[in-house]
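Please look through the model below before reading on. The report that follows takes up the two chains in turn and then the place where they touch.

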Amino acid sequence: MHAKKHRSTDVPMYSRLNRRGLFRGQRTNRRGLFRGQRTNRRRRALVTITCVTVILMGIVIAGTMLGDARLATQLEQRNQAPSMTHWFGTDLLGRDMFVRTVKGLSLSIQVGLAGAAISSMIAAVVGLLAATAGRTIDRMISWLIDLFLSVPHLVTMILIAFVCGGGLTGIMIGIGLTHWPSLARVMRAEALQLRSADYILISARLGRSRYWIATRHMLPHLVPQLLIGFLLMFPHAILHEAAITFLGLGLSPHEPAIGIILNESMRYLSNGMWWLAICPGVALVCVVRLFSILGDRLRLLIEPGRAR
Amino acid sequence: MVNMIWNMGSWLLMKLLRLILLLVALSIITFTLMNVSPIDPVQAYIGADAMRVGPEQRQAIAEYWGLDAPPLQQYLHWMSALVRGDLGTSMIYRAPVTDVIGERFVHSLALMSVSWIFTGLVGFFMGVIAAMYKGRLLDRLVTGYCYLIASTPTFWMGLLLLVVFAVWLGWLPFGLGVPAGVLAEDVTLADRIHHLLLPALTLSLIGIAPIALHTREKLLDVLSSEYVLYARAQGERGFTLWRRHGLRNILLPALTLQFTSFSELFGGAVLAEQVFSYPGLGQAAVESGLRGDVPLLMGIVLCSALFVFVGNMLADLLYRFIDPRMRKGGAGG
């Protein structure tokens, strides 16, 4: 009775080969890219991560390799709608929008990378300090976090970009200073949990200083968390970078930042030049989505229990 | 009863103290930043006329705005004026900062409240639907939309809507808060609503995603609990199950998220206003940042902090009123 019921529900999921042999009992995938193959979530995540990384690296490298010559103004080819020669069309000066977009995305990714790296470093330091340096410091830090969360991110970034007097540095610092609080909270919670672990209690009893314990015992444990936090921060960092350059703060209009390209496109929308806004925007959305997929999948690999 | 009022009073007092501390700290930080900045406010004020302004005039301008005094004195001066409710004079609008902020905040508030309510209702509904139909087509549509929107910049969504509704279909106006070329007295409420639609829609479409995802997650938690399993065993399902066991349990977190989302709402409004040239506070923030209007920028920073603080406080307050556990012991106070 039992055996029969088991078969009737599960048989369609097994392939014929699966019933004997090495992978006996392992399900084949029913949908998606790996249909009909025997893979598990982990293996699929690895493949996805590799593909996404290759694509994103490709954009960055292409953006830095493509010479400015490709951006030369060709006035006889201006205002063209997307075609096979110009995938994203051309702008008012006859510049190829696809090249501009790739260059812009490359710049955005680099700025986002720097900003998110600054932010994760701040988060790690602050989180560790809060967890190990005593109650007063902990209170001060949680107040500081509240302070940073009390002003909308975009307003803080406008302020910082203004204070830095424009330029890439202002944007990087702006992203770095606005994104750390939530990750710092995670770091603090993790470090607090570690604090009562046996090996750390023993280490403290043996006379190691708090600084030693924080850097030698806790930090290595927090690295995976930090990496995940860093990657999950990335989409936000790029979106904020695009937003702040869109607002016109920071970079000069000659830089090919993605926000500047989109800001420029606003002026020509009423003339029906939709591709100036749509194509780079779609590319930006794709890149951001790829980064969030990357973060999600990496989390699946590093801490399978907690991923959704 | 007396105890409750006493609790309430002390809670409010604590909140007020925190707010004052926050604003003071924020004003010190922004003021220091402004002083460190390489941008010379006198230069920013003069702008394009730099060639025609001599050193004596510069001196006079600096004196007029009180920029020649040492920083600490400047701060104390500004602070004492702030306590009296005077935030200084905006350099680009040539009007008191409080007036500029007040007038623009009304516009922004209209925009934000419309999209706030819409976002809350629709987002909650979508989250509930997704959770009740978990794994089915509806769920996949909703979560797919949410993840896609989470990677979409607000301003690009605005551009997209602009292309579709203003350029291609021509249904809605291209931007601004009121029709161009119409006297202020002749602008009707319908005109204003007409101009409000696109920015509000932009903000709403973006804002729905986090609310729906959050609601879905909370409801899934509830649905996997044992009391729901028991209710299911008794034959309850569908809408009745949700109304009896789900609604109350997810309402509180949903409301909290709704009130603590003021910060993102403000950030989104900045972008939407910029795209649609909507004359709100966000646009003023961008203008002041671009053109170096220090008093206005500082005023806006403080104002936005106040706005976010009020949101968080309302969330706390709601918690106390809705959740009887918080009321009785006052444990959370």
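Helices (H or I, at least four residues) and strands (E, at least two) are DSSP runs, numbered from the N terminus. By that rule, chain A has 11 helices and zero strands, and chain B has 14 helices and zero strands.

This is a predicted model, in which local features need a pLDDT of at least 70 and side-chain atom pairs count only at pLDDT 80 or more, while totals for chains, interfaces and linings use all residues. Residues are numbered from 1 along each chain as its sequence is written, and chains are lettered from A and ligands numbered from 1 in the order in which they are written.

A residue is buried if 20 or more other C-beta atoms lie within 10 Å of its own, exposed if 12 or fewer, and partly exposed in between, with C-beta atoms placed from the backbone. Two residues are in contact if their C-beta atoms, placed from the backbone, lie within 7 Å.

Where pLDDT is low, the predicted coordinates should not be read in detail.

Further along chain A, helix H8 (residues 198–205) lies largely in the open, because the number of buried residues among its eight is zero. H8(A) is followed by Gly207(A), whose phi is positive, near 100 degrees.

In chain B, helix H4 (residues 71–83) has 13 residues and reaches 18 Å from its first C-alpha to its last, close to the 18 Å expected at 1.5 Å a residue, where the expected span is 1.5 Å times one less than the number of residues. After H4(B) comes Gly85(B), with a positive phi near 85 degrees.

Where the chains meet, 35 residues of chain A are in contact with 40 residues of chain B. On the chain A side, the elements that give two or more residues are helix H5 (153–163), helix H9 (210–246), helix H10 (258–266) and helix H11 (275–302).
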